[in-house]
Amino acid sequence: WGGTARRWRAKQLTLRVEGDQNQVMRSDGENEAGESLTIYDVAAEAGVAASTLSRTFSRPGRVSYSTAEKVRAAAERIGYRTEAVARASAAGGSATKTLGLVVADIANPVFIEMVRGAEYAASQAGLTVVFSNARENGKREYEALNRALPTVDGLLLAGSRLPDTTIRTVAKQKAMVVMNREVRGVASVVIDQREGARTAAEHLASHGARSIAYLSGPERSWADGMRWTGVRDAAAALGIEARRLGPFLPTMTGGQRAAETWLGSRTDGVIAYNDLMALSFMQTVQIRGLEVPDDVGIVGFDDLLASRLTRPQLSTVVGPLERMGATAAAHVMAIANGAQATTDRPVVMPARLIARGSSEPRP
C-alpha cells in the first residue's frame with residue numbers, strides 16, 4: 001500500500017528537484033500494466049534515494065559516474081525518461097537549431113579538422129555547434145553528454161572514450177553520429193584505419209624493416225585497435241615481426257615514454273598511434289644518438305603541420321578529417337529531421353600514406 005500511495009501522490013504532484021527550484025521532474029512513460037512511471041519506480045529499480053535520482057537527471061555533475069550509470073540503466077530498463085528529454089525529442093529536428101559536439105581532447109590537433117568540417121556543414125544548414133572538451137576523461141565526457149541532451153537537436157562524438165553500451169543508450173534518446181569510431185547500432189563515420197596501418201607496415205618492410213613496433217594509444221580508442229590489427233595482419237602476410245608497446249598517452253609525453261620503452265628492445269621500424277607520439281619518439285631517439293631513418297624508420301598518423309617541420313620530415317597516414325566532420329554533421333541533421341539512421345555499417349573514408357624522410361632511406 002505504501003508503494004501504491006507514493007506512486008499515486010507522484011501522479012498528482014510535481015516534484016521539485018533538490019537544489020534547483022527551476023527544474024521539475026514528472027513521470028513520462030508507462031509500465032507493462034499501463035500505469036504512469038515515476039521517479040520512485042526508477043529509484044526502486046536502481047536502489048537509490050529519489051533525491052539522488054533527481055540530481056542524476058537534472059544536475060549530473062553532482063553524482064558519481066557509477067551512480068549515474070546505475071540510475072540511467074534502471075531508467076532505460078523500465079522506460080522512464082525525464083520531461084526535458086522527452087520534450088526535446090518530441091519537438092523534432094528543428095527544436096533548438098543546435099548540435100552538440102563532444103571531443104575527446106581538443107589539445108590533440110587531429111580533432112580540429114573534424115570540428116571545422118562539422119561546424120561548416122552545420123552553419124550552412126543554419127545550425128550552431130555547441131562544443132565540449134572531454135580532455136580524455138570518460139566521466140567528463142559522460143557529464144557533457146547529459147548536459148547537452150535536453151538542449152540540442154543532435155549529438156556528434158569525436159573519438160569518444162565511453163563504453164559502447166553507454167553510447168548506445170544515449171543514441172536512443174537523441175540523434176547521434178560517432179566520428180572516428182565504429183559502434184554497433186549507432187551511425188558512425190570512420191577512416192579506414194586498418195588499411196592505413198597495413199599500408200604503413202608494408203611501406204616500412206619495402207625499405208628493409210624486418211621488425212616493427214606499434215606504439216599504441218588509449219585503450220578505449222577504436223582507431224588504436226584497428227591500427228594494431230592492420231600492422232599485425234601486414235606483418236603476418238610479409239613474414240616479419242610485429243610488436244605492440246603501450247598503451248601510452250596520445251601526447252608528446254606519451255611518445256617520449258614510448259621511446260624509452262622501445263630503446264630497451266629495438267625494432268627496425270616504428271608505427272605510432274599518432275603524429276604527436278611519433279614526433280616526440282623521433283626527437284627522443286635522435287637525442288640518444290640514433291639516426292632516422294637509418295637506425296629506425298618512423299610513421300605516424302594524422303599529418304599534423306609539425307610533421308613537415310622536422311628533420312627528417314615525418315611520414316604519416318591521414319584521412320579526410322574535415323570531410324569526415326562535415327559528413328557526420330550532415331548525417332546527424334538528417335536523422336534529427338526524421339531520416340532513418342544507417343547503423344549496420346559505418347561510412348568509411350579512405351586513408352593514404354604520405355611517405356617522407358622519416359621512413360625512406362636517403363638516396
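Predicted model: local features only at pLDDT ≥ 70, side-chain atom pairs only at ≥ 80, totals over all residues.

Student: Where does V102 lie, then?

Tutor: V102 lies in strand β3, which covers residues 98-103.

Student: Which residues does V102 touch?

Tutor: Leaving out residues up to four places away in sequence, V102 touches S132, A134, E141, A144, L145, L156, L157 and A158. Take L157: 55 residues separate it from V102 in sequence, yet their C-alpha atoms are 5.1 Å apart.

Student: And D303, why does that count as buried?

Tutor: Again the limit is under 20%. D303 has a relative accessibility of 17%, so it counts as buried. D303 lies in the loop between β11 and β12.

Student: What makes the link between D303 and R356 a polar contact?

Tutor: A polar contact needs a pair of N or O atoms within 3.5 Å, one able to donate a hydrogen and the other to accept it. The side chains of D303 and R356 are joined by one of 3.0 Å. D303 also touches other residues, including D275, T316 and I354.

Student: How do you know that β12 and β14 pair?

Tutor: Pairing takes at least two bridges. Three bridges join β12 (residues 315-318) to β14, and the two run antiparallel. In that pair, T316 stands opposite I354 of β14.

Student: What is the strand order of the sheet that holds β12 and β14?

Tutor: This open sheet of six strands goes β9-β8-β10-β11-β12-β14, with mixed pairing.

Student: What makes β9 and β14 edge strands?

Tutor: Each of them pairs on one side only.

Student: Which helix lies across β8, β10, β11 and β12?

Tutor: That's α12, running at about 155° to β11. Helix α9 (residues 193-206) packs on the sheet too, and its direction makes about 165° with that of β11.

Student: Which residues of α11 are buried?

Tutor: In α11 (residues 252-262), they are G254, G255, A258, A259 and W262.

Student: How do you know that they line one face of the helix?

Tutor: Looking down the axis of α11, the buried residues fall within an arc of 140°, so they line one face. In general, an α-helix has 3.6 residues a turn, so residues three or four places apart point the same way.

Student: What do the buried residues of α11 pack against?

Tutor: They pack against β8, β9, β10 and α12.

Definitions and conventions:
Residues numbered from 1 in each chain as written. Heavy atoms only, no water. Buried < 20%, exposed > 50% of the residue type's maximum accessible area, 1.4 Å probe, protein only. Helix = DSSP H or I, 4+ residues; strand = E, 2+ residues; numbered from the N terminus. Arc of directions from axis to C-beta. Contact = heavy atoms within 4.5 Å. Axes fitted to C-alpha atoms, helices over the stretch in contact; angles between N-to-C directions.
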